[in-house]
Amino acid sequence: MASNLIRVASYEAENQIELSLRQAFELLEPKLRPPFALTIPDQQEYDQLNRAIVYGFLCEPHNAKTHIKHLHALVTDGYALFVHLLVKVVQELYTKLVDSVKKQLIWVAKEMIDVSGVGVDGLLVCLLRQIVGGDFSEGNLWLCSELVRIFLAKWDCLLEEEPLVLTSALYTYLRLLADHCMLVNNANLEALKQLEIDFCVKVLREQFHLCLRIGRDLIRVLQDLAHVPEFRAIWKDLVLNPSKFKTPGFSDISQFYRTRTSSRYSLLRITPEMETQLRFLLTHVKLGTQRRHLEWFTKKFLCGVERETLLSDIVRFICCAHHPTNEIIQSDVVPRWVAIGWLMGLCRKNHVGANMKLALFYDWLFFDERVDNIMNIEPAMLLMVYSIPRCIDMTHSLLEFLFLVLDNYDLQHNDIIVRGVSSAFSVLLRKGVIQSLDVLTSSDAISPFLRERLGRFLSGRKMGFIKDLQPENFPHNFLTPPSLPNSSCVETVAPSLKGQLTCTQEDGFATKPVDSSVPSIVTSERQVVSAENLVQNFGEKIKKSCVVGHQTLEEELYSFLNFNNQKTMSGTICNEVLSSTISKEFELNGYKIFSLLQYLPDNLDCDDEVGSATALLIRACIFSQPKMQDMLLSWSRNGFSVGARLLSYASRLAYEASMADCLGDTMVDKDSAKSSDLPLLIFHIDGYISFVQGEKESSFSALASTAKIDNKVVSQLVSSAFAAYRSFLGCSRTMLHKNDDASLTKLLISDLMSCAEWGRKRLKSLFCCVFHHLPDLSIESSLDWSCLEQRNFWGLIRSELAVSKVQLEKVILEFFCSDELDPKRVAIAVEGLLTLCCCRAPTPELVGAIMLLPSNVFQDFAAAVLATWAVSNATMLFDSLADFSEKFDSMTRDSNLPNSAGILVNHSAILWLFNNFDAKGMNGSDILRKLSPDIPGKK
């Protein structure tokens with residue numbers, strides 16, 4: 001007899017559950033029709049009758065009311081057996097059930113809720129588990145809709161009899177909403193989304209004490225919905241007004257963090273069929289034979305881009321709900337970390353990858369040995385360790401994410417997170433999951449930055465690098481070298497080895513140490529020879545050797561700069577003559593200054609950006625911008641690639657400085673830098689030391705010295721290099737391109753194109769450095785693009801700023817504070833900035849930048865940003881505002897300028913603060929009067 005219950009292919013064997021139900025129905029069918037027998041059945045007959053009625057219920061919708069009356073008449077166990085049979089049908093047969101049977105299941109579930117059947121909560125949970133994440137098929141959305149309607153319609157009954165099933169439904173629908181909210185303009189889905197939102201908000205608002213039972217994973221799934229207005233309001237109350245939930249004992253979101261989430265919630269987002277396959281893989285499949293099983297699992301359950309959202313749920317299931325026995329752990333069965341590594345390799349979307357990593361590490365963040373299970377954190381550790389060295393990118397990715405979360409996840413409770421991660425490492429080591437952490441802190445395969453960062457964290461030192469609180473306030477057209485305190489920033493420079501110099505070969509390219517008796521360049525003003533004599537003898541000295549030629553060039557530049565400073569000096573020289581002489585004499589000896597880098601030899605020993613005549617000229621320009629500017633313009637006017645070479649030098653300097661910073665010290669050790677292959681950084685620092693100390697010691701001999709430079713000074717050196725380039729662009733536009741209508745951005749793009757052709761190996765760092773140090777020019781170049789292109793551009797910026805060191809406040813101060821901006825032209829840029837600000841924590845620097853936005857261009861923008869921060873991070877916002885007001889008040893007092901004549905605070909920001917303080921009955925007059933003296937204090 002063909003089954004009316006399930007779809008069965010011709011090659012499939014009969015399903016035993018379906019067979020037992022059908023046989024019972026066929027055997028007892030006469031007894032299922034009225035009039036019913038009045039005798040009490042024995043246990044065996046009672047079991048058979050329940051099976052027959054289940055089959056009749058599901059396969060005979062027209063007789064459903066008759067069957068329910070029969071069931072009510074004979075039940076003796078509170079419907080426990082009947083519900084148990086329904087659970088087995090749902091759990092093992094749901095995907096094969098015919099559509100009419102699925103509809104009957106929903107109907108009978110409602111009936112069991114009405115009679116408070118024993119185990120009805122389990123039936124509802126099984127139905128919830130059949131909803132597949134990332135599946136937008138009609139059948140799946142129908143099940144979503146039917147179940148949420150049940151929970152809303154049967155609210156009172158469930159709340160009285162089975163309240164915890166509401167928490168299961170809440171967890172399920174919060175996860176589903178994250179998928180459903182990704183699709184827009186879908187009429188069918190919109191109605192369902194609103195039902196789901198209404199249900200979730202109802203549970204959170206009316207039964208918050210039940211929500212506390214879910215634990216920390218509720219926060220994890222809730223954060224994906226922060227963009228939905230209804231949930232944004234809930235977030236606001238969670239963070240700022242916990243008492244609004246009217247739950248005794250709840251005072252802070254950290255109570256969720258300290259509560260471990262039961263594994264039954266992790267099971268909710270995995271269908272029973274997926275659970276069966278995963279448990280088989282992790283219990284019976286031998287390591288080395290798992291590939292075909294994993295590929296089959298992927299094809300079966302993860303086909304389609306939308307299904308990627310399931311990956312984080314599977315990772316959470318493996319970590320929290322599948323804990324193998326010691327026997328399996330010690331066997332050759334596929335370990336959990338292998339399966340997770342495979343799943344991570346399937347991810348194609350960045351936000352999905354981030355959610356997977358968060359699911360993997362979430363218990364690390366709040367780990368407490370007293371309540372948490374070590375098995376929840378074991379897979380992440382083993383995946384990091386066993387990925388070395390063959391899959392080192394996996395280890396890097398996981399460590400980078402862990403540190404990113406440590407630095408940015410809920411800053412108000414950072415102490416809890418740091419304590420949790422520290423405890424996780426400690427317990428994993430103590431329990432023998434790994435024998436030593438040296439595999440992570442000492443492996444050469446791991447990035448030095450990550451090794452150092454992990455070492456600092458494990459040793460209990462403060463994590464991260466010391467960041468300067470104030471954004472760099474350098475003018476665009478000029479930047480003097482930063483001061484170099486002798487006692488703290490620079491260690492004593494040891495005398496250079498006698499005769500040990502770094503010279504170039506006769507072609508003028510390579511830098512190698514050779515013996516030479518050339519005397520060092522003198523430092524006394526009395527020993528400075530006249531520029532005329534230098535020009536006359538320059539060609540002859542270059543012919544002697546490149547070393548002598550380069551030292552002569554340094555000597556000539558030093559003299560030229562001193563002539564600009566010493567008005568009493570008798571010798572004078574024209575910039576044009578000097579620049580022409582330098583280029584001509586080097587060219588006669590086979591070297592062309594400011595050559596195109598693609599035409600230079602591709603040899604590590606022939607690095608024209610280090611130690612060459614071009615490098616010396618660029619370095620001198622950076623240290624003495626105004627004095628060298630005319631010479632650079634002269635070369636540029638004569639066709640030399642000055643701008644591109646200057647940009648290439650600055651970007652490489654920034655790249656090598658960042659690599660040195662990855663060593664993790666607050667001091668940059670030149671010996672370490674030398675061993676790390678950072679030649680340009682060494683060359684630049686040596687020249688800088690000579691410059692600020694007033695010595696004319698050859699920078700080449702200084703390479704052999706030992707010195708350490710404070711990271712902040714190195715950062716300022718890099719900034720000064722980009723400031724010199726910006727200054728050159730400005731002068732170039734004014735002096736050379738004044739008739740070409742060339743903007744700074746057009747000149748920048750031209751130089752970028754040249755640099756991109758030269759340094760393909762450093763292409764990524766080139767663009768990162770340019771955006772970091774010239775953000776205003778980078779963004780300005782996008783303002784004439786199409787709307788779609790601009791929005792894609794800002795999407796990329798959001799992604800990059802999440803992992804880069806670019807200071808958002810610097811972007812604001814250098815670009816958005818320009819009074820020349822056209823509000824219509826920069827509308828999309830303003831939208832992008834608003835999104836960026838809302839995603840960032842309100843640090844004192846960022847709040848200060850927002851407060852200083854011009855009122856005439858960005859009306860109400862500052863108020864919108866402050867209002868958003870007031871919801872997401874109020875404590876930090878008002879601390880930052882207080883800090884800004886103190887600095888602002890001090891700045892205006894020291895400058896002896898009235899506020900109206902000096903620096904102006906954004907009007908909409910002041911108005912928002914005034915209204916906010918007034919609405920909350922707070923006295924913020926002290927802060928407000930510091931920002932605007934026209935505001936009277938409250939009496």
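Student: What does the secondary structure of the protein chain come to in helices and strands?

Tutor: In this predicted model, the protein chain has 47 helices and four strands. Of its 939 residues, 52% count as buried.

Student: What makes Leu124 count as buried?

Tutor: The cut-off for a buried residue is under 20% relative accessible area. Leu124 has a relative accessibility of 0% and therefore counts as buried. Leu124 belongs to helix H6, residues 120-129.

Student: Which residues does Leu124 touch, not counting residues up to four places away in sequence?

Tutor: Leu124 touches Ile113, Ile150, Phe151, Leu158 and Val165. For Leu124 and Ile150, the separation is 26 residues in sequence and 9.6 Å in space, taken from C-alpha to C-alpha.

Student: Which residues have the most contacts inside the largest nonpolar core?

Tutor: They are Phe151, Tyr173, Phe231 and Trp364, in a core of 168 residues. Helix H9, residues 164-180, gives the most to this core, with 10 residues. A second, separate core has 60 residues, including Leu578, Ile618, Trp635 and Tyr725.

Student: What is Trp364 in contact with, leaving aside its neighbours within four places in sequence?

Tutor: The partners of Trp364 are Ile377, Ala380, Met381, Met384, Leu402, Gly420, Val421, Ala424, Phe425 and Leu428.

Student: Which residues of H2 and H4 make the contact?

Tutor: H2 contributes Tyr46, Asp47, Asn50, Arg51, Ile53, Val54, Phe57 and Leu58, while H4 contributes Leu81, Phe82, Leu85, Leu86 and Val89. By class, 10 of these residues are nonpolar, one is polar and two are charged.

Student: Why is helix H43 described as largely enclosed by the rest of the structure?

Tutor: Helix H43 spans residues 844-851, and seven of its eight residues are buried, so H43 is largely enclosed by the rest of the structure. The buried residues are Glu845, Leu846, Val847, Gly848, Ala849, Ile850 and Met851.

Student: Among contacts between residues at least 6 apart in sequence, what percentage join residues at least 24 apart?

Tutor: In the protein chain, 74% of such contacts join residues at least 24 apart.

Conventions
Residues numbered from 1 in each chain as written. Predicted model: local features only at pLDDT ≥ 70, side-chain atom pairs only at ≥ 80, totals over all residues. Heavy atoms only, no water. Contact = heavy atoms within 4.5 Å. Helix = DSSP H or I, 4+ residues; strand = E, 2+ residues; numbered from the N terminus. Nonpolar A, V, L, I, M, F, W, Y, C, P; charged D, E, K, R; others polar. Buried < 20%, exposed > 50% of the residue type's maximum accessible area, 1.4 Å probe, protein only. Core = buried A, V, L, I, M, F, W, Y, C linked by side-chain atoms within 4.5 Å.
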